[in-house]
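Biologist: I would like to go through this model with you. Please show it first, and then I will ask how you know what you say.

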Amino acid sequence: MDFGLIIDSWPALMRGAVMTLTLTAIAVPAGLALALPLAVARLSHRLWLRLPSYAVIYVFRGTPLLIQLYLIYYGLGQFNAVLKSWGVWWFFRNELYCALLVLSLNTGAYTAEIFRGAISGVPSGFIEAAQASGMSWFTRLRRIVLPSAFRLAWPAYTNEVVFLMQATSLVSLITVIELFRVTKTMADRTFDIYTMYITTGLIYLMISYGIILLFGLIEAYLMRHMPLAPNARKTINQRALAVLMR
Amino acid sequence: MKKLVLMAFAAAMAFSFGAQAMEKMKVRMGTEGAYAPFNAVDKDGKLYGFDIDIGNAICAAANFECSWVTQNWDGIIPGLIAEKFDTIIASMSITEERKKKVDFTKKYYSTPARFVTADANKGVEITKANLKDKVIGVQEGTVSDHFVTDNFGDTAKIKRYEKQDQANLDLTSGRLDYVFADSVVLSDGFLKTPRGKGYGFVGPNYSDQKWFGEGIGIAVRKGEDKLREAINAAIAKIRADGTYAKIQAKYFDFDVYGD
């Protein structure tokens with residue numbers, strides 16, 4: 001390990017890490033906003049709602065993220081004349097917009113499947129009780145189904161967010177300069193593979209655990225109404241949340 | 001009994017040494033396979049190009065038994081050091097930075113690097129001021145990348161690609177204003193193809209030793225002097241007996257060896 005090299009490359013690595021975090025911070029909410037309607041439509045008994053949602057999920061879960069990136073960036077780049085005439089080339093010309101679009105669609109499709117499972121898992125007694133008290137479909141969705149589904153889906157959704165953060169390293173292949181690309185440039189130029197990639201591996205590790213910690217706190221908050229078994233010890237997250245909420 | 005085993009062992013040793021002396025030296029040649037016309041892969045997955053032909057000619061001249069290994073550019077020096085192959089014949093410039101990690105043979109060719117741009121841009125002189133906020137595409141980790149980064153990096157925006165083909169693609173899609181690379185690679189891999197219509201060279205030839213080194217050489221692991229000397233002798237041999245000229249004529253209409 002060459003610590004001088006770590007210090008020299010630190011500012012560049014931090015700029016890369018900020019880009020990685022920015023990509024994650026934009027793609028995760030965008031994906032979630034896409035996933036909820038997709039999941040609900042996927043469970044609809046109306047074919048015209050179910051089918052398009054199924055198609056989107058099927059395509060984006062069924063193909064590698066790298067192929068999606070190449071198709072949107074290099075593939076659509078071939079049709080720049082058409083895109084210009086439609087007035088959307090400014091969007092696809094920019095590698096960052098292309099990356100955000102693909103990451104959001106990709107995580108949206110995976111998240112939709114997580115939420116589809118969670119919505120199916122909401123106990124039917126909850127729904128019958130809501131129906132019995134005269135709630136409309138939308139009220140039921142808003143007040144009963146989605147809150148229950150969020151609690152059920154949260155651990156799996158946490159994994160998806162961590163995975164997406166790590167997957168952002170792929171957008172370096174469409175020339176976005178993020179943490180992995182910065183590391184690779186440094187490693188290529190100094191040939192010090194170990195120092196550069198171990199340092200960056202540790203930075204990714206810290207970001208991953210930051211996400212896990214944050215999502216654990218949100219989980220403890222979502223579950224705050226759940227009574228603990230008399231002898232059960234509070235989880236670290238529940239204790240951390242109690243401190244924060246004091 | 002012990003004696004018998006020992007004798008059998010000695011006999012086996014003698015046999016294997018004898019066989020080794022008769023066998024040709026096995027050399028695995030590493031190349032990239034995405035740098036036409038120097039090294040590229042055809043539709044059937046077969047390697048072809050100037051580097052490949054020169055490599056095979058060197059093998060014949062030095063009496064090696066050669067096989068080819070392809071490796072992505074950014075992993076090519078680590079691949080050599082990790083003994084995935086024994087030489088790199090991939091149009092690699094001999095530079096001081098690389099010499100810290102590997103040894104080089106004498107050059108086997110040297111060509112200058114140049115800018116390519118759309119015909120409409122050709123009137124613009126290549127200066128730091130004129131390239132302000134322009135987007136230049138290069139292949140990451142190449143001497144062209146280092147040259148542009150060090151000389152234009154503070155005013156122009158530099159986009160780095162895995163492969164030269166991708167940079168050329170982004171020039172035609174309009175995401176780039178310029179690409180910068182070896183002139184022969186740009187000429188044969190892009191300008192002479194249908195996609196290169198409407199594009200051309202602009203600005204001078206760049207061959208500053210500080211960035212572009214002493215030309216293009218073959219890399220071997222540090223300390224492998226026997227292999228390096230054998231390749232140097234083979235380069236001299238194919239230069240002298242006309243093999244080099246024959247291979248050159250197949251790809252280029254000018255002298256690629258330089259002076």
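Biologist: What makes strand 8 and strand 12 (residues 199-206) of chain B a pair?

Modeller: This is a predicted model, so everything here is computed from it. Two strands pair if there are at least two bridges between them. Five bridges join strand 8 of chain B to strand 12 of chain B, so they pair. The two strands run antiparallel. In one place, F115(B) stands opposite V202(B) of strand 12.

Biologist: How many bridges join strand 8 of chain B to strand 11 (residues 178-182) of chain B?

Modeller: Five bridges join them, and these strands also run antiparallel. There, A113(B) has D182(B) of strand 11 as its bridge partner.

Biologist: Why is strand 8 (residues 113-118) of chain B called largely enclosed?

Modeller: Count its residues. Five of the six are buried, so the rest of the structure largely encloses strand 8 of chain B.

Biologist: Now chain A. How do you know whether A112(A) is buried or exposed?

Modeller: A residue is buried if 20 or more other C-beta atoms lie within 10 Å of its own. A112(A) has 27 within that distance, so A112(A) is buried.

Biologist: Where is A112(A), and which residues is it in contact with, leaving aside neighbours within four places in sequence?

Modeller: A112(A) sits in helix 6 (residues 95-120) of chain A. With those neighbours set aside, its contacts are A35(A), L38(A), A39(A), R42(A) and I57(A). Take A35(A): it is 77 residues away from A112(A) along the chain, yet 4.2 Å separates their C-alpha atoms.

Biologist: Why are helix 10 (residues 193-222) and helix 11 (residues 236-245) of chain A called roughly perpendicular?

Modeller: Their axes cross at roughly 80° and come within 8 Å.

Biologist: Last, the two chains together. What makes up the contact between chain A and chain B?

Modeller: Chain A gives 12 residues and chain B gives 16. On the chain A side, helix 3 (65-77) and helix 9 (179-190) each give two or more residues. Helix 9 of chain A gives the most, with three. That side of chain A divides into four nonpolar, five polar and three charged residues.

Note on methods
Residues are numbered from 1 along each chain as its sequence is written. Chains are lettered from A and ligands numbered from 1 in the order in which they are written. This is a predicted model: local features need pLDDT of at least 70, side-chain atom pairs count only at pLDDT 80 or more; totals for chains, interfaces and linings use all residues. Two residues are in contact if their C-beta atoms, placed from the backbone, lie within 7 Å. Ala, Val, Leu, Ile, Met, Phe, Trp, Tyr, Cys and Pro count as nonpolar, Asp, Glu, Lys and Arg as charged, and the others, Gly among them, as polar. A residue is buried if 20 or more other C-beta atoms lie within 10 Å of its own, exposed if 12 or fewer, and partly exposed in between; C-beta atoms are placed from the backbone. Axes are lines fitted to C-alpha atoms, for helices over the stretch in contact, and angles run from 0 to 180 degrees between N-to-C directions.
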